[in-house]
Amino acid sequence: MALTDIVEKFGAAGGSFVTPVGEMSKKLAQCRGIVFDWDGVFNDGRKGMAIPSGFTEADSMGVNMLRYGLWRKFGTLPYTAIISGVDNETAVAFAKREHLSAVYTGVRKKQDVISHLCKGNGLDAGDIACVYDDINDLAMAEVCGLRFLVRRDASPLFTELTIHRSSCDYVTGAGSGGHAVREVCELLLGIMGSYAEVVESRVLSDAEYEQYFKSRQAISTSCYFVRDGVIGKA
């Protein structure tokens with residue numbers, strides 16, 4: 001599928017390309033990692049004494065397919081992490097279930113986590129794609145190579161600010177809690193030109209997918225927490 005077709009399809013779904021898709025494709029060619037905020041990205045950010053901040057299987061499938069697509073492209077699994085500003089049992093459980101590389105909780109200065117994970121894994125911040133939704137994520141997003149802002153119609157000034165600061169490359173059509181993660185994952189697979197092949201391989205569970213899945217399942221998720229600005233391993 002041509003990049004012009006990608007722009008048309010995602011634009012029709014409400015997505016906004018801040019950076020031209022050709023430039024995004026060049027940045028994606030360097031992508032070796034993906035980081036996600038949790039609240040407001042995998043869910044609508046709703047909180048309460050008896051309300052867990054959860055996720056959807058549609059977003060989970062998207063993350064898995066994107067990791068598979070990047071594995072097919074580069075031959076290694078991308079470093080994949082959740083970075084949450086609060087202690088969140090569901091985020092930790094999801095990360096472990098999906099065998100993500102890491103989950104960081106209780107983070108105030110998320111840009112410090114980017115430095116931490118880059119140093120520990122031989123990455124450059126420019127190699128990382130970031131999916132985020134709010135003010136406390138902005139410093140993190142601004143050091144990453146690809147930045148995806150989850151739309152919130154109630155925050156038009158924040159969206160305008162991120163665009164003015166060149167802090168996002170794409171604003172999702174889906175809002176918080178509306179499968180924005182799936183949208184970003186499908187967009188990146190589309191830009192790579194591998195969406196149909198990745199899906200077909202997963203449907204068949206062919207030898208290539210099984211090799212990827214075995215590698216994925218071998219990952220033991222690293223769990224980190226931040227206390228008084230110090231990152232420690234749980």
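View 1. From β6 the chain passes through α7 to β7 in a right-handed β-α-β crossover. Right-handed here means that, with the strands pointing away from the viewer, the path from the first strand over the helix to the second runs clockwise. Helices (H or I, at least four residues) and strands (E, at least two) are DSSP runs, numbered from the N terminus. This is a predicted model, in which local features need pLDDT of at least 70 and side-chain atom pairs count only at pLDDT 80 or more, while totals for chains, interfaces and linings use all residues. Residues are numbered from 1 along each chain as its sequence is written, and side-chain values use heavy atoms, with hydrogens and water left out.

**View 2. Strand β5 (residues 128-132) is joined to β6 by four bridges, in parallel.** Ala 129 has Leu 146 of β6 as its bridge partner. Together with α6, strands β5 and β6 form a right-handed β-α-β unit. Five of the six residues of β6 (residues 146-151) are buried, that is, under 20% relative accessible area; exposed means over 50%, and partly exposed lies in between (1.4 Å probe, protein chains only).

**View 3. Glu 142 and Arg 165 form a salt bridge through their side chains, 2.7 Å from N to O.** Because Glu 142 lies in helix α6 (residues 138-143) and Arg 165 in the loop between α7 (156-164) and β7 (170-175), the pair ties together parts 23 residues apart in sequence. A salt bridge is a side-chain nitrogen of Lys or Arg within 4 Å of a carboxyl oxygen of Asp or Glu. Glu 142 is partly exposed at 31% relative accessible area, and Arg 165 is partly exposed at 43%.

**View 4. The side chains of Arg 72 and Glu 208 meet in a salt bridge of 3.0 Å, N to O.** This pair links distant parts of the chain, 136 residues apart: Arg 72 belongs to helix α3 (residues 57-74) and Glu 208 to helix α10 (residues 207-217). Arg 72 is partly exposed, with 28% relative accessibility; Glu 208 is partly exposed, with 33%.

**View 5. Asp 44 and Arg 46 are joined by a salt bridge of 2.9 Å, N to O.** Asp 44 is partly exposed at 40% relative accessibility, whereas Arg 46 is exposed at 53%.

**View 6. A network of salt bridges links Glu 57, Arg 97, Glu 98 and Arg 216.** The whole structure contains 14 salt bridges.

How values were computed: Two strands pair if DSSP finds at least two bridges between them.
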